[in-house]
Amino acid sequence: MTEPLLVDRTDAVVTLTLNRPTAMNALDVALKEALRDTLAELETDRSCRAVVLAGAGRSFSAGQDLREHVQTLESTDGNPLDTVRAHYNPIAARLANLPKPVVAAVRGMAAGAGASLAFLADIRIGGPSTSFLMAFAKVGLAADTGASWTLPRLVGHAKAIELLMLAEPVRATDACQLGLLNRLVEDDEQVLPTAQELAARLAAGPTVAYGAIKRQLSIADAGTLADALAAEAQAQSICGSTADHRAGTLAFVNKQKAVFEGR
């Protein structure tokens with residue numbers, strides 16, 4: 001049986017590949033559970049210092065597997081959208097709060113929950129074939145997998161409303177201009193290698209500080225200046241006691257390149 005999620009480790013970088021290429025990496029229960037549970041393991045895995053999220057084949061992810069969903073809708077048992085609480089919400093929370101950098105290699109289409117997954121990454125790399133489609137309204141649904149939170153922060157409230165209600169595709173160049181992509185490479189074949197190269201660079205950095213930066217921005221986005229200042233004080237207290245802070249400071253003073261160990 002083919003594994004729905006491939007997990008590859010190269011040094012301190014873990015690449016998670018959605019592995020249903022014949023279905024455009026649509027998210028069925030097996031894939032959602034594998035992604036949810038693997039992310040939970042990586043939260044406390046100190047050997048992992050950066051994560052790459054990718055899709056097998058020509059697409060990143062078409063979102064929810066609607067063929068499977070039709071069967072759920074036709075069943076009389078339970079709530080057909082219970083997958084939001086059981087799968088999508090935990091995945092979104094773990095991706096957003098992972099205390100290490102996440103880079104999405106967005107090759108091809110990212111639609112619905114697939115696009116939402118990409119938006120939860122810290123940095124997104126795309127190529128000429130990359131496109132995003134907030135397809136929820138096309139099937140009579142609202143946003144999920146954190147898109148109602150990430151999308152306004154990336155493109156602003158007004159544009160988020162437009163993308164979600166009109167459900168029109170956003171091509172690579174426009175996606176880069178809007179902030180849905182951080183970097184756009186010229187060749188689709190370079191999307192994943194570029195993402196992994198960037199993740200390797202981040203994996204060699206001060207991991208604790210990166211996690212603190214993510215928490216700071218999350219708090220500042222939703223809070224007041226006082227909330228942000230309190231979060232900064234807490235973050236600096238934590239980071240200031242790390243070996244990486246000491247190593248970085250001594251290296252700077254001595255005009256040397258810092259070697260960070262992620263602790």
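**Entry 1: the whole chain.** I started by reminding myself that this is a predicted model. I looked up the secondary structure and found 11 helices and nine strands. The radius of gyration is 19 Å, close to the 18 Å that the globule rule gives for 263 residues, so the protein is as compact as a globular protein of that length. I also noted the span of the C-alpha trace along its principal axes, about 65 × 40 × 40 Å.

Entry 2: I checked burial next, and 44% of the 263 residues count as buried. The accessible surface comes to about 13,600 Å², with 54% of that belonging to carbon and sulfur atoms. For charges, I have 25 positive and 29 negative side chains, with the centres of the two sets 6 Å apart.

**Entry 3: strand β2.** Is β2, residues 13–18, mostly covered or mostly open? Mostly covered: six of its six residues are buried. In a regular strand the side chains alternate between the two faces of the sheet.

**Entry 4: the partners of β2.** Strand β1 (residues 5–10) runs antiparallel to β2, joined by six bridges. Val7 has Leu16 of β2 as its bridge partner. Two residues sit between the strands in this hairpin, where Asp11 takes a positive phi near 55°. With strand β3 (residues 50–55), β2 pairs in the parallel sense over six bridges. There, I found Val14 bridged to Val51 of β3.

Conventions: Residues numbered from 1 in each chain as written. Predicted model: local features only at pLDDT ≥ 70, side-chain atom pairs only at ≥ 80, totals over all residues. Heavy atoms only, no water. Helix = DSSP H or I, 4+ residues; strand = E, 2+ residues; numbered from the N terminus. Rg over C-alpha atoms; globule rule 2.2 N^0.38 Å. Buried < 20%, exposed > 50% of the residue type's maximum accessible area, 1.4 Å probe, protein only. Areas by Shrake-Rupley, 256 points an atom, 1.4 Å probe, with all protein chains shown as cover. Lys, Arg positive; Asp, Glu negative; His and termini not counted. Charge placed at Lys NZ, Arg CZ, Asp CG, Glu CD. Pairing = 2+ DSSP bridges.
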